Amino acid sequence: MLIDSADALLDIAVRVPVQRVELDLLVGTGIELLVRRDDLIDPQLSGNKFYKLFFNLQAAREQGLNRLISFGGAYSNHLHALAAAGNRYGFQALGVVRGERPAQLSPTLSDAEAWGMQLVFLSREEYRNKTDAELIVALREQYGDFYLIPEGGANLAGARGMRLAGTALEQQLKGDYTAVCVACGTGTSLAGLAAGIDLAKPAIGFSVLKGAGDLGEVIASTYRELGASDKSANWRLISGFHAGGYGKKHPQYLSQFWQDFERESGIALDPIYTVKMFWGIVSLARQGYWSRGSRIVAIHSGGLQGRRGFGSL
């Protein structure tokens, strides 16, 4: 059964553990690092996907649509979570996947198919047109009516869910923090988080993309759609910690940081998003970006299933 209200979701969110982490690299910086463990919120609907899917699933039910469709790559956290949600809550899920169907599915897509998701593969050229009206019409003609969720859950419904995560954090810490950080792909999580916390506090997004492009404009637009004003915008996008780009092999320094972080903290990170965010947080702290005595909160956005496609530490 779906969580029946935003209040019920908020009740879950305020009980997410916030864990203090001590790292050798932070010694002497005067920074306290707290990790909000949204990776623990659900074994399958992990981290930010839990929040980004909530209002989308509610909208599908309200519109009487039982088929969900979305897009992603072979290791997509979003498709993985959507397939799990469809299986759990009785939706028919259809995943449109970038690239030709391989001889052997990735662990991510194997899970999705086992949970009942129908996989449709598009060539990379066709996939670039995933937002075109012609493709959406063709999919409806072939598979019937559906509720469309953009790649990564990047819509207003997704941002509204992440705003609740920000509201929950505010209730937990009662304003006793300096800044909150999150990894950014589409920017939906950053926009929602910023709108949910105290507007006097900054929400900082670490882009995992080599070329941010119009990401800042997208975040600003979503932030406004949530009812927040550009005049009081409390979000910042930092793009210098992508480590070569989305899904690229880690340089040695980042691989070493990943190992050291997990050994010292006992917290597993995903290789695409959270490891880059934490590297950025630590690097900025060592550069004196935050004043001594700052309490920095990092959102662990889950995605640990993606470790299976990245090789060993």
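User: Is the crossing of helix 2 and helix 7 left-handed or right-handed?

Analyst: In this predicted model, helix 2 crosses helix 7 in a right-handed sense.

User: And at what angle do helix 2 and helix 7 pack?

Analyst: Helix 2, which covers residues 48-62, packs against helix 7, residues 156-173, at an angle of about 125 degrees, and their axes are 7 Å apart. That angle makes helix 2 oblique to helix 7.

User: Which residues of helix 2 and helix 7 meet?

Analyst: On the helix 2 side they are Asn 48, Tyr 51, Lys 52, Phe 55 and Asn 56, and on the helix 7 side they are Ala 157, Gly 158, Arg 160, Gly 161, Met 162, Leu 164 and Ala 165. Sorted by class, this contact of helix 2 with helix 7 has six nonpolar, four polar and two charged residues.

User: What about helix 1 and helix 7, how do their axes cross?

Analyst: The axes of helix 1 (residues 6-13) and helix 7 cross at roughly 50 degrees and come within 9 Å, and helix 1 and helix 7 are therefore oblique to each other. The crossing of helix 1 and helix 7 is right-handed. Helix 1 makes the contact through Ala 6, Leu 9, Leu 10 and Ala 13, while helix 7 contributes Leu 164, Thr 167, Ala 168, Gln 171 and Gln 172.

User: Switching topic: how many cavities of 30 Å³ or more does a search of the whole structure find?

Analyst: The search finds one cavity of 30 Å³ or more, and the largest cavity has a volume of about 70 Å³.

User: Which residues line the largest cavity?

Analyst: Its lining is made up of Leu 2, Ile 3, Leu 45, Phe 50, Leu 53, Phe 54, Leu 57 and Tyr 89. Helix 2 gives the most to this lining, with four residues, and by class the lining has eight nonpolar, no polar and no charged residues.

User: Last one, how do helix 10 and helix 11 pack?

Analyst: Helix 10 (residues 252-265) and helix 11 (residues 274-286) pack at an angle of about 90 degrees, with their axes 10 Å apart, and they are therefore roughly perpendicular to each other. The contact is formed by Tyr 253, Leu 254, Phe 257, Trp 258 and Phe 261 from helix 10, together with Val 275, Lys 276, Phe 278, Trp 279 and Val 282 from helix 11. By class, the contact of helix 10 with helix 11 has nine nonpolar, no polar and one charged.

Note on methods:
Residues numbered from 1 in each chain as written. Predicted model: local features only at pLDDT ≥ 70, side-chain atom pairs only at ≥ 80, totals over all residues. Heavy atoms only, no water. Axes fitted to C-alpha atoms, helices over the stretch in contact; angles between N-to-C directions. Helix = DSSP H or I, 4+ residues; strand = E, 2+ residues; numbered from the N terminus. Parallel < 35°, antiparallel > 145°, perpendicular 65-115°, else oblique. Left-handed = near helix turned anticlockwise from the far one by under 90°. Contact = heavy atoms within 4.5 Å. Nonpolar A, V, L, I, M, F, W, Y, C, P; charged D, E, K, R; others polar. 1 Å grid on protein atoms, 1.4 Å probe; cavity = no way out; pocket = protein on both sides within 12 Å on 5 of 7 lines; lining within 4 Å. Points joined across faces, edges and corners; volume = space filled by probe spheres on them.
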